[in-house]
Amino acid sequence: MKKQEKLNGLQTLAELHADRIEGYHKVASETQAADYGLEKLFNHLAEFSKEAKAELDLVLASRGGEISDNDNSILSGIHKMWIDIKTALTSKDREALLSSCEFGENIIIGAYESMLENEDLIEVKVRLLLHSHLKTLKESLKTIQELKELEEIAE
């Protein structure tokens, strides 16, 4: 993998985290007041993405990559769609809200897995960082899926 391809991949991950921050802050602010636990979860997920994005930005800066908050990638645009879909369709529907979050989590997890598929990607230190992020993202997805299953049972 060429240097620019590596940098582009890392930039995409950083952009996805920027979208994730925006998305979770948005859904947290729209969560019903009585659903404090869900609001707290969304804020926690956004906070993780702030930290992950900052770590990715440091890696990019140390390698001469461009740190950007712009949505330059196709994946970033797709990931951002889940925010808009949620807003348009699910004003107060908890299960639909969780489904939208699940969609967004699957997008960012797929991007991480794609980056990690390439054995010659980057040095071990960065690979370990990406694996750490991926582990946390998969845990977040599992939490969202469990909450969604509980909603389905409650119906």
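## Basis of the model

The structure is a predicted model, in which local features require pLDDT of at least 70 and side-chain atom pairs count only at pLDDT 80 or more, while totals for chains, interfaces and linings use all residues. Residues are numbered from 1 along each chain as its sequence is written, and side-chain values use heavy atoms, with hydrogens and water left out.

## Overall fold

The chain contains five helices and zero strands, giving the order α-α-α-α-α from the N terminus on. Helices (H or I, at least four residues) and strands (E, at least two) are DSSP runs numbered from the N terminus.

Of the 155 residues, 46% count as buried; buried denotes under 20% relative accessible area, exposed over 50%, and partly exposed the range in between (1.4 Å probe, protein chains only). The chain exposes about 8,200 Å², of which carbon and sulfur atoms supply 54%. These areas come from the Shrake-Rupley method with a 1.4 Å probe, and for residues only the protein chains shown count as cover.

Among contacts (heavy atoms within 4.5 Å) with a separation of 6 or more, 77% join residues 24 or more positions apart.

In helix α5, K135 and E139 lie four residues apart, about one turn of the helix. Their side chains form a salt bridge whose closest N and O atoms are 4.0 Å apart. K135 counts as exposed, because its relative accessibility is 56%, whereas E139 is partly exposed at 43%.

Which residue forms a salt bridge with E113? The partner is K138, at an N to O distance of 3.2 Å. This pair links distant parts of the chain: E113 lies in helix α4 (residues 94-117) and K138 in helix α5 (residues 124-154), 25 residues apart. E113 has a relative accessible area of 33% and is therefore partly exposed; K138, at 38%, is also partly exposed.
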